[in-house]
Structures are given as structure tokens and as C-alpha cells.
Amino acid sequence: MPAVDYHGHTTLITGASAGLGAEFARQLAARGSDLVLVARRRERLEKLATELREQHRIQVHVVEMDLATDHPGQALAEQVDQLGLHVTSLINNAGFATFGPFHQADPDRLRREIAVDVTAVADISRAFIDQLRTAGRGVLVNVASMAAYQPNPRMALYGATKAFVLSLTEALWEESRGTGLRVLALSPGATRTEFFDVVGTPQAAGGTRLASPVDVVRTALAALDRRNPPPSVIAGRMNRVMAFLARRLATRRQVIRAIGRLTAEGA
């Protein structure tokens, strides 16, 4: 496969009002893709849309939506149809975490976390994957996390949701081979976004250095540009090393205890 030519594409991005979603929008706009930006904060979406239209002379549409509602995939597909658009690429980026002991977490917040981090990813992927496969030239990126590679004490549910995203996306990679659709699970480590504001503490990063959103998105797009794109990619050399060590050179017990000690510092 040659590198992806995004000219003539329409890429739908969830969680596009800030962080990795906004950075995906900027880098894909620079490569020629029209965009559908989805998030709850319309004012931010409109500001970003204006910026990208002026800089890159592309079409940018804004959809204000709470992905924790029922049937987000169907709702998004209906809105896209009403706009007269045909989505050729999809970035499922929206998500958030809860920090602290599981038994002390607000049950309503946990239900919302599952709805956004798990249900919406699966539902939106299903709603659009047929047309993505038919287009046969786009990408499907689901944003997982380094948290997908091991249990995460004090972020137990978040790690579990991202393990789901990683597993689902790698399976879709295999199912989509030969269709022209490039499927990728992107696993960033701690990144300089609003993620930790929503979590409520920077200590959820476990003291690790924060990566740049620019570098994380470049990692994803570079992986998609490969002649034979992989099913998943970890952003950051040290994160790749740590994932390797966790899988190959330590027992499950050792990994869980190590992560628990890191996150305990923020408890």
C-alpha cells in the first residue's frame, strides 16, 4: 500500500474539541481531508473548524453530541446523512478516565465511562465500517492507551475499557484485510492534554513524562502510511519498551504491583 492520500476524504473525529482529537483534525486537514468534528463543546468545535477552513481551504462540519447517550452510532450516521456527507475515515478518540479505588467511585460516572470509552467506540465503528470498507481507501483509528497492556489499580475501569478497544480494533484489522481500509489501534502513554483535568489529578500519570499530542498523532499517521500497516502502535519509544518488559520479562503479579505503587502516589 502507498501512503494515504487524504485529499477527497471526509474524516469523522470524536472528541475533537481538544487534545488528540483536535490534533488529529489539524494534521489530517493539513493533508487535505475534509472533516466532521464531534464533541459536546460546540463553541470549541466551531473555533477549530474556522481555523482549519481558513488555513487549509477544506470543508469542516461540526456535530455537537454527547456520546454517552443511547445509540450514538445511529445518531451520528443520521446527522452525517442529513449533512449529505459520506464518511471515508473515522477516528474514535473520545474517552475519559476515573481515578481512585474502584469501590469508592461514583457508579453514575463509571456507567458514563463505559458508555463513552466502550459502547460508543463499538457502536460508532459498527455504524460506519460498512461505508469505510466500501470506500476502500480510508482509515479507522481507535484510540486505546498504554493502560490497555496491563491492569491499572486506581484506574481499574479505564484500563479495562482500553483493553477492550485494543482487542476489538486488532480484530477489525484482520477482518478488514484486503478491503483497502487501514485499521489501527493507537496506544499513547501519558499525553499533554485535558485528560488529567477530567481525571482530577496529574498523579494519574504515575510520574511519567507527558508526550506531545503532535508526536502521538504523527506516530499514528506514520503507521498508517506504511506499506503494510500494523494492527496497533504504541506512541513513544519508552512506552514501547515498557510494554515489552511488562509482557516478556515480568510476571503478572509483578506488573500489577508495580503499576499499583505508581498510582498509589496520587491516591
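Predicted model: local features only at pLDDT ≥ 70, side-chain atom pairs only at ≥ 80, totals over all residues.

Trainee: What makes strand 2 and strand 3 a pair?

Mentor: Strands (DSSP runs of E, at least two residues, numbered from the N terminus) pair if DSSP finds at least two bridges between them. Strand 2 (residues 34-39) and strand 3 (residues 60-64) have 5 bridges, in the parallel sense, so they pair by that rule. Val 38 sits opposite Val 63 of strand 3.

Trainee: And how do you know that strand 1 pairs with strand 2?

Mentor: Strand 1 (residues 10-14) runs parallel to strand 2, with 5 bridges joining them. Thr 14 stands opposite Val 38 in strand 2.

Trainee: Why is the sheet's strand 3 called an edge strand?

Mentor: The open sheet has 7 strands in the order 3-2-1-4-5-6-7, with parallel pairing. Strand 3 and strand 7 (232-234) each have a single partner strand, so one side of each lacks a neighbour in the sheet.

Trainee: Why is Met 242 called partly exposed?

Mentor: Buried means under 20% relative accessible area and exposed over 50%, with partly exposed in between (1.4 Å probe, protein chains only). Met 242 has 43%, so partly exposed is the label. Met 242 lies in helix 8 (residues 237-248).

Note on methods: Residues numbered from 1 in each chain as written. Heavy atoms only, no water. Helix = DSSP H or I, 4+ residues; strand = E, 2+ residues; numbered from the N terminus.
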